[in-house]
Structure formats: structure tokens, C-alpha cells
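Biologist: Please take me through the terms applied to this model, and set each one against its definition.

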Amino acid sequence: VEQRMQELGVTHVFQGCKDKVAALDDIRAQSGLTLAQCAYVGDDVPDLPLLQRVGVSVAVANAVEAVRAQCDYLTTARGGYGAVREVCDLLLSVRDEYS
């Protein structure tokens with residue numbers, strides 16, 4: 001994961017994170033983003049605190065019902081099968097940066 005994130009230029013990678021809210025706060029502090037400018041993709045109950053904070057909340061197709069009910073957008077792809085790509089394409093198309 002670390003190597004792939006480096007290849008993609010992803011600078012904020014948190015693996016085995018026990019406090020996702022703190023990780024989000026760290027990213028926001030470093031980037032200067034507001035919560036309204038953040039998106040989060042989740043699939044299970046531990047993701048709910050973040051999904052409730054961010055401006056755009058996304059559930060993958062195979063997320064548990066509690067997460068699906070909370071989110072602004074539901075992917076057609078399952079987690080691990082193109083869901084993140086779907087979200088990236090969606091966000092880039094909204095920003096009119098898709099090429």
C-alpha cells in the first residue's frame with residue numbers, strides 16, 4: 001500500500017489507524033481544508049463518525065446498511081473492486097478536471 005501511494009503521489013497514508021477522527025484532524029491541519037471540503041469513503045460502523053463530519057460522505061456498494069443510510073452517495077462498485085476509482089472520477093468530474 002505504501003509503495004502504491006507513493007507512486008500515485010498520495011502524501012497522507014494512515015495504515016492500521018485506531019483513531020480515524022484524529023487522522024482526519026491531522027490531515028485537515030496540514031492541508032488547511034475545512035470539513036466541508038473533505039470527502040470520506042466508508043463501509044462499516046467505525047466509519048460513521050467521519051462520514052457524519054465531512055462535506056461529502058460516500059458508502060461503497062457493499063457497505064453495511066447503517067453506513068449506506070448515512071451517506072450522500074453510494075457507489076455502484078464494491079469496496080476493493082473499483083469503488084475508490086468511481087469516487088475519484090466523480091469528484092474530478094464535478095471539479096471539471098477529468099481528462
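Biologist: Which residues does V67 touch, not counting residues up to four places away in sequence?

Modeller: V67 touches G42, D43, D44, V45, L48, L51 and A59, where contact means heavy atoms within 4.5 Å. This is a predicted model, in which local features need pLDDT of at least 70, side-chain atom pairs count only at pLDDT 80 or more, and totals for chains, interfaces and linings use all residues. Residues are numbered from 1 along each chain as its sequence is written, and side-chain values use heavy atoms, with hydrogens and water left out.

Biologist: What makes a set of residues a nonpolar core?

Modeller: The members are buried Ala, Val, Leu, Ile, Met, Phe, Trp, Tyr and Cys residues joined through side-chain atoms within 4.5 Å; buried means under 20% relative accessible area with a 1.4 Å probe, protein chains only. The largest such core here has 14 residues, and L51 and V67 touch the most other members. Helix 3 (residues 48–51) gives the largest share of this core, 3 residues.

Biologist: How do you know that strand 1 and strand 2 pair?

Modeller: Pairing requires that DSSP finds at least two bridges. Strand 1 (residues 39–42) and strand 2 (residues 56–59) have 4 bridges in the parallel sense, therefore they meet the criterion. Y40, for instance, has S57 as its bridge partner in strand 2.

Biologist: Why are strand 1 and strand 3 said to stand at the edges?

Modeller: The open sheet of 3 strands has the order 1-2-3. Strand 1 and strand 3 each have a single partner strand, so one side of each is left without a neighbour in the sheet.

Terms used:
Buried means under 20% relative accessible area, exposed over 50%, partly exposed in between (1.4 Å probe, protein chains only). Helices (H or I, at least four residues) and strands (E, at least two) are DSSP runs, numbered from the N terminus.
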